[in-house]
Amino acid sequence: VFPETSLKVTGIDFLKSQNTRQHHTDGYNIKNLVVRRGQPFQVQVSLSRELRPADKLSLRFGIGENPKKNRGSLLSLKPEREDFNGWKISLVKKNGKECLLSVTSSPNAPVGKYNLHVKTDSNIYKPENGVIYLLFNPWCEDDVVYMANEAQKNEYVLNDTGYIYVGSAYSIYDRPWNFGQFEEFILDACMYLLDKSNLSLNDRREPANVSRAMSALVNANDDNGVLLGNWSGNYISGTSPMDWIGSVSILQNYYKTKKPVRYGQCWVFAGVLNTVMRCLGVPSRCVSTFDAAHDTEENLRVDVYLNERGEKLNSLSFDSVWNFHVWNDVWMKRTDLPNGFDGWQAIDSTPQEQSQGRFQCGPCPVKAVREGDVYLPYDSKFVYAEVNADRVYWVVKKVNGKDKYFKVGTETQAIGKNISTKAVGQNRREDITREYKYPEGSKEERMSMERAYSFIRPSGLMPRSGYASTIQTLGGNTQPLVPKEPITKTGLQLEITNTEALHPGNPLEMAIIVKISAPGNWTVDLIGSCQLQYYTGKVQANLGTIKETISLEGTSEMQIPLKIAPDAYMKTLSSVEDEVLILVTAIAEVKETNDKLTKETSMRFEYPPITIQMPETAKLYNDFTCAFIFKNKLNVTLENCKLLVEGLGIFKMTTFEQGDIMPGRIMKSEIICTPTRLGEKKIVAKLISNQIKGISAEKAITITE
């Protein structure tokens with residue numbers, strides 16, 4: 001009798017094209033096999049001889065530095081045996097020395113990189129590129145990130161481009177952003193972040209833990225994470241936050257250097273976190289809230305201080321109202337919470353406040369914000385305040401040499417407006433305010449607010465400047481539970497609008513409209529001011545004020561013009577590194593009744609467009625030309641112009657230095673493009689100069705075989 005020849009593996013085929021198509025991972029630009037948990041994939045094993053019933057064959061999947069069976073980090077799977085930690089493997093077919101195996105991972109397996117070895121008898125085979133990437137699976141009903149709707153998965157998991165909404169509630173603007181979750185090294189960068197998070201193997205099963213860890217790691221604040229935040233206006237030692245058009249170069253740079261990339265502001269943090277979550281397989285969207293409160297004391301109130309000319313003062317405010325703030329929603333079942341809080345969860349990687357000792361925020365159930373259940377993890381009080389705080393206006397006057405504060409208005413419906421995200425499958429804005437809030441004034445809103453107020457105890461109404469926040473008014477919570485918009489005796493209303501397009505280099509022509517609805521003769525004192533401010537609410541320059549006394553009779557209105565000459569603002573506009581907004585504040589007081597009202601509106605400058613010219617379709621690997629054309633229709637020279645362009649699957653991020661573009665001049669740049677991927681692809685362009693911080697454009701092209 002001859003001694004039995006021992007069984008050896010001679011090769012393994014990961015059947016990459018078939019597996020990745022079925023797992024919706026064929027987009028990843030990586031040599032290795034990428035699959036999603038809870039769904040079968042196949043591998044073809046080649047053996048030194050035919051497989052016999054007595055042979056021992058097992059696939060061993062190890063995760064982490066030192067995989068051990070007893071820790072659950074080493075899985076040893078034998079065909080047709082009972083499952084192991086929810087994983088199973090079966091023999092699909094035997095054909096001579098080939099055998100086709102099907103592997104199904106557990107739908108709650110830890111996500112990450114698994115090393116595959118094949119053990120036969122006493123031999124161990126270690127294949128080349130034997131590392132398999134395992135991701136969350138929104139296509140698997142047993143995965144907590146399961147999303148039933150196909151169009152939603154195409155948008156929130158697979159779309160690698162999109163928009164982030166910025167500007168102000170008065171003028172919302174879509175900023176194209178390339179998420180690029182499938183580009184080279186992006187998946188590896190996300191795996192590096194997972195390892196860096198020090199999440200336990202068990203924590204890696206739960207998208208709630210993973211998304212919380214990622215919200216901490218996308219900012220550099222306590223862990224040498226991806227992006228360093230900077231709102232100082234000085235970006236000389238890095239890239240200005242306005243100069244990014246996508247996440248790809250940021251994550252690639254971070255993965256290469258392992259050092260934080262400079263610099264980010266909220267939309268950059270949200271864009272990068274969106275890339276990371278989509279890359280790991282968690283459905284994710286960027287969410288912009290206009291007039292978002294940054295309420296540092298959790299008292300659901302933000303105080304705004306004005307001087308006697310009606311100009312906003314920076315120095316006194318601890319809190320701020322941001323013109324917009326961007327965070328992310330991720331989709332999952334919350335197994336750690338009572339029923340009813342599944343679905344979208346808010347996470348935020350902009351470093352604003354510490355949570356459990358780190359700059360991280362969320363996941364906070366969007367339904368908890370809507371229902372007022374602000375005791376639920378994580379950080380629901382902070383998120384609730386961002387969209388529900390009241391804004392209280394105070395005028396600071398000197399009385400006998402001392403500062404005295406006079407309340408000139410409370411706005412209860414001004415915070416958390418136009419909550420926006422990109423619509424599913426369409427290039428338009430979808431308003432999702434109703435997912436975060438009940439309609440203002442509805443019975444549900446009242447109940448939700450009473451609930452929230454029972455967990456957050458707002459202090460009485462006192463100005464919070466200096467030490468004022470330590471003075472408690474008697475009786476604790478003196479604020480009415482559901483404050484209504486102040487109804488004045490005269491029905492006084494204010495509106496602020498622009499009467500001409502707000503082009504840099506032109507006079508800014510705006511108007512304040514004063515309305516009264518009560519019969520009688522009324523005298524109204526009106527103060528109006530115009531300032532330039534950052535999106536964080538920080539004032540950069542005072543441009544001018546008006547002070548008028550007007551007479552109104554009965555139900556009537558009057559329009560008061562407010563005009564700012566170009567000289568008053570162009571110098572500031574050219575010297576700041578950030579996009580600034582035009583802030584107009586108005587304070588009206590009816591002499592006869594003492595009715596007071598304050599209103600503010602922020603407006604964006606308007607710019608001429610960039611045009612992108614290229615064919616509608618192109619063939620894979622066939623060159624085509626793409627032209628970017630810009631005509632300076634403004635009355636000012638645009639200095640130090642830079643054109644940034646990127647097309648995922650077409651060309652890498654490229655910068656053209658354009659020098660100065662005089663009024664009336666036309667700039668034209670061309671790039672030769674070679675498409676490397678099929679399907680609809682987008683080209684994004686952005687023009688930046690001293691005077692203008694970002695004119696964006698994009699155009700789609702379909703790549704065919």
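**Figure 1. Contacts of Phe455 in the predicted model.** Beyond its neighbours within four places in sequence, Phe455 is in contact with Gly372, Val374, Tyr375 and Lys381, where contact means heavy atoms within 4.5 Å. Phe455 belongs to helix α10 (residues 443–455); helices (H or I, at least four residues) and strands (E, at least two) are DSSP runs, numbered from the N terminus. Phe455 counts as partly exposed because its relative accessibility is 29%; buried means under 20% relative accessible area, exposed over 50%, and partly exposed in between (1.4 Å probe, protein chains only). From Phe455 to Thr497 the C-alpha distance is 38 Å, for a separation of 42 residues in sequence. The model is predicted, so local features need pLDDT of at least 70 and side-chain atom pairs count only at pLDDT 80 or more, while totals for chains, interfaces and linings use all residues. Residues are numbered from 1 along each chain as its sequence is written, and side-chain values use heavy atoms, with hydrogens and water left out.

**Figure 2. The annotated "active site" residues.** The unreviewed UniProt entry lists Cys266, His325 and Asp348 under "active site". These residues are spread over 83 residues of sequence but cluster in space, with a largest C-alpha distance of 9.8 Å. UniProt positions are given in the numbering used here, feature names are shortened, and annotations may be inferred rather than shown by experiment.

Figure 3. Cys266 is found in helix α6 (residues 266–280). With a relative accessible area of 0%, Cys266 is buried.

**Figure 4. Surroundings of His325.** Strand β17 (residues 320–332) holds His325. His325 is buried, since its relative accessible area is 1%. Leaving aside neighbours within four places in sequence, the contacts of His325 include Cys266 and Asp348, and also Val287, Ser288, Thr289, Ala292, Thr350, Gln352 and Glu386.

**Figure 5. The chain around these views.** The chain has 11 helices and 38 strands. Buried residues make up 57% of its 705 residues. Along the principal axes, the C-alpha atoms fill a box of roughly 120 × 65 × 40 Å. Of the contacts between residues at least 6 apart in sequence, 68% join residues at least 24 apart.
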